[in-house]
There are 2 protein chains.
Amino acid sequence: MRQETRDRPRIADVAREAGVSKTAVSFAFNSPERLSPDTATRIRDVASSLGYRPHPVARMLTQGRTQTLGLLTPQALSVVFANPFFATFSQGVAVVAEEAGYALLFVSPVQGSLARAVNRATVDGFVALGLAEDHPEVEQIRRAGLPIVMVDSGAAFPEHPAVDVDDEGGARLAAEHLLSLGHRDFLVIGVEPPAPGDQAESGGVVGRRLEGYREALAAAGIDLPDDHVVVGPASVEGGSACLASAWENGRRPTAILAMSDAMAIGAIHAARRLGLRVPADISIVGFDDIELSRHVEPPLTTVHQPVRRKGEEACRLLLSAIARDSSFRPDHRRLETRLIVRGSSGPAPIGKEVAGGR
Amino acid sequence: MRQETRDRPRIADVAREAGVSKTAVSFAFNSPERLSPDTATRIRDVASSLGYRPHPVARMLTQGRTQTLGLLTPQALSVVFANPFFATFSQGVAVVAEEAGYALLFVSPVQGSLARAVNRATVDGFVALGLAEDHPEVEQIRRAGLPIVMVDSGAAFPEHPAVDVDDEGGARLAAEHLLSLGHRDFLVIGVEPPAPGDQAESGGVVGRRLEGYREALAAAGIDLPDDHVVVGPASVEGGSACLASAWENGRRPTAILAMSDAMAIGAIHAARRLGLRVPADISIVGFDDIELSRHVEPPLTTVHQPVRRKGEEACRLLLSAIARDSSFRPDHRRLETRLIVRGSSGPAPIGKEVAGGR
DNA sequence: ACGTTCTACTAAACCGGTTTGCTAAACCGG
DNA sequence: CCGGTTTAGCAAACCGGTTTAGTAGAACGT
């Protein structure tokens, strides 16, 4: 209140100084054609000599729109920005938003409350990333009359536009790839929720990928017992720890299905420390296809998902929901995944398993 | 205006429904102690049954603060989010902002105009990244009475709080390291401004690093002719291209000083394609120490800068500038850099240069 | 010369809240 | 039972703009 208003000139100051009404000043900025050319310029001159600029908040209030899009994440920004996946997604959203003249506000829990953050947020609509199931915030946003696009939320919220990725299919591709290389003994490395009880967020994605793995293995007559699935934090270190602890518990897989590239890379490191060659002794397949994966040694075989396009599509959906003021048919979009074979996967070692698949 | 207001209940609706004044409703939310306990709860009940939430913009207007911090970048968000450096920096800013209950707004040029974006931005202050020299926006912000913290702007803007990093010193360390390994023939790979004419932004950083390289080399009696400095886009591909083209032009350095890790990694790839072993035939040192550098083969020797802490410090400075409403002594902070020796640097190949340095 | 249209501008209402200043009733001590 | 304090709540002003509904005067047509 203070810093802001202390010296900042108001529209009334400009009006007085220029000897016109507030209305005239407003016109000079917003619809100059309603003023005589020289009055308009004179007003603008006075304004700029006073250092006046229309107060953006006041403007928002009267115009009823903020020209800002909210990017909603159930996790704290500290964890969100640690995730390269997120940066790429944001990039997609940002490109489209920017082009349409919208600014981007990151909305994450304020003092633990996502609801409070949503209430504070001055935006024209939300893109919600990884908000699963019946998060009450979604209903809250709907009641506020703001459009919201769900990303990676599975089939939840049919009444809102949504963008998803074929996680299940991607997982199936990864598993089938390893099966076709003759692998029969698998370890799945999964992403554990950042905070306990928070399973909602990534829960959907993790569940869908696991489902995909299971399906493909089942089709080959392979069962995946629970102790062949380990979880840890979605980081390089987390991936290392997962493989290391599984190894200690006596697991001796020839192939690893990791639900995140970071974890897969961690697993490569751990394997090396265990004296295993990748892929000669053990094959590792990741998920997401982050930039890093192309550059590690060996380059990571992984399931590519169009992360950036996901952001772009979500933003486009949101913009069109904002444009049509009536709620129109909610558009659900599902993007494809595909397998990228690089160097971290190879034939199952002979002697442990015969190279059999197909 | 429409979607927003159509069905959304206003404070007056709640007041009418509850049979009280607007004031009472406002009190029920903001200073319940001024109401009798049962009136307060009754009002809140009515409010929530109507699905009322105070309009955040109206609230901003009366309170004069937005509880939002702006992160100002002269580049488009699409290029900004492509940069891992930026994600880490944002993380630092976000952690501190979040803890203080502030949201984060990304402010980048709207239709090419940073000034317009700044005007639109409803924030309590700005952290400006890489805004060099006398960008007119800075003056504009100052006149609006908003605090701004400059990051990576060198000595420009002494009247504003600022956070910098010892780029020059870091560059010197990198060069000295290679000198001590006996290298005498250098190639510097620099970052070229994303858009021509935009040199302002990274210009400062690039200049300071180059200065550091030059100083260290000069101290060893080595001159760095202009054709031993090549520039390209700050990406892996850019780095590859730089080395490749320098090689074509007949340069045969034994050591490469790259101003960004991404470019250094690109240079490693290019070197390999040229049939050179790293570091046996050629040593490569990067700058920034991004996550990726630890994981490439060979692991990259680089100059570490505390990127995340940079973000944290900047945000803290901004918060304290917002808190004290009077402009107080602008705090300038300079963070240290340090050399991280990994596998991409080694003794100069014998025969080309004797291992000489000390 | 007179009614009509246009031009250039204004006063007041409005957006949706918060805050100030005030009042009526309840409470309280003597 | 009475003056003074406290409590609970209200009306109106305000934040800083935009927009609506007019109005005075000039230009225009006949």
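Two strands are taken to pair if DSSP finds at least two bridges between them. In this predicted model, β2(A) and strand β2 (residues 103-107) of chain B meet that criterion, pairing in the antiparallel sense over three bridges. Within that pairing, L104(A) has F106(B) of β2(B) as its bridge partner.

**Interface of chain A and chain B**

- The contact involves 59 residues of chain A and 59 residues of chain B.
- About 5,300 Å² is buried between chain A and chain B, and carbon and sulfur atoms account for 59% of it.
- On the side of chain A, the residues that lose the most area to chain B are R53(A), F81(A) and E98(A), which together make up 13% of what that side buries.
- Zero salt bridges are counted between chain A and chain B, whereas twelve residue pairs, both at pLDDT 80 or more, are in polar contact across this interface.
- Several elements of chain A each supply at least two residues of the side that touches chain B: the helices α1 (2-6), α5 (56-63), α6 (77-80), α7 (84-99), α8 (114-120) and α13 (261-273), together with strand β2 (103-107).
- With seven residues, α5(A) gives the most to the side of chain A that touches chain B.
- Sorted by class, the side of chain A that touches chain B comprises 29 nonpolar, 19 polar and eleven charged residues.

**Domains of chain A**

- Chain A is divided into three parts: domain 1 spans 2-62, domain 2 takes in 68-165 + 307-336, and domain 3 covers 167-305.
- The C-alpha centres of domain 2 and domain 3 of chain A are 28 Å apart, and the contact takes 15 residues from domain 2 of chain A and ten residues from domain 3 of chain A.
- Domain 2 and domain 3 of chain A bury about 1,000 Å² between them, with carbon and sulfur atoms giving 52% of that area.
- One salt bridge is counted between domain 2 and domain 3 of chain A, along with three residue pairs in polar contact, both residues at pLDDT 80 or more.
- On the side of domain 2 of chain A that touches domain 3 of chain A, α7, β5 (162-165) and α14 (307-323) of chain A each supply at least two residues.
- The residues of that side of domain 2 of chain A divide into six nonpolar, five polar and four charged.

**Salt bridges**

- Over all chains, the count comes to 38 salt bridges.
- R208(A) and D164(A) form a salt bridge in which the closest N and O atoms are 3.9 Å apart; the cut-off for such a pair is 4 Å.
- A salt bridge also links R16(A) to D13(A), with 2.8 Å between the closest N and O atoms.
- R16(A) and D13(A) are separated by about one helical turn because they stand three residues apart in helix α2 (residues 11-18) of chain A.

**Further strand pairing in chain B**

- Strand β9 (residues 283-288) of chain B pairs with strand β10 (residues 301-304) of chain B in the parallel sense, over four bridges.
- In that pairing, F287(B) has V303(B) of β10(B) as its bridge partner.
- β10(B) is also joined by three bridges to strand β12 (residues 338-340) of chain B, and these two strands run antiparallel.

**Backbone features**

- The peptide bond joining E297(A) and P298(A) is cis, with omega about -5°.
- P298(A) lies in the loop between β9 (283-288) and β10 (301-304) of chain A.
- In chain B, the peptide bond from V278(B) to P279(B) is cis, with omega near 10°.
- P279(B) is located in the loop between α13 (261-273) and β9 of chain B.
- Q111(A) is not a glycine, yet has a positive phi of about 45°.
- Q111(A) has its place in the loop between β2 and α8 of chain A, two elements that each supply at least two residues of the side of chain A that touches chain B.

Methods. Residues are numbered from 1 along each chain as its sequence is written. Chains are lettered from A and ligands numbered from 1 in the order in which they are written. This is a predicted model: local features need pLDDT of at least 70, side-chain atom pairs count only at pLDDT 80 or more; totals for chains, interfaces and linings use all residues. Side-chain values use heavy atoms; hydrogens and water are left out. Contact means heavy atoms within 4.5 Å. Buried area is the accessible area (1.4 Å probe) that two parts lose on being put together, summed over both. A salt bridge is a side-chain nitrogen of Lys or Arg within 4 Å of a carboxyl oxygen of Asp or Glu. A polar contact is a pair of N or O atoms within 3.5 Å; within protein, one must be able to donate a hydrogen and the other to accept it, and residues adjacent in sequence count only if both atoms are side-chain atoms. Ala, Val, Leu, Ile, Met, Phe, Trp, Tyr, Cys and Pro count as nonpolar, Asp, Glu, Lys and Arg as charged, and the others, Gly among them, as polar. Domain bounds come from an automatic or database domain assignment.
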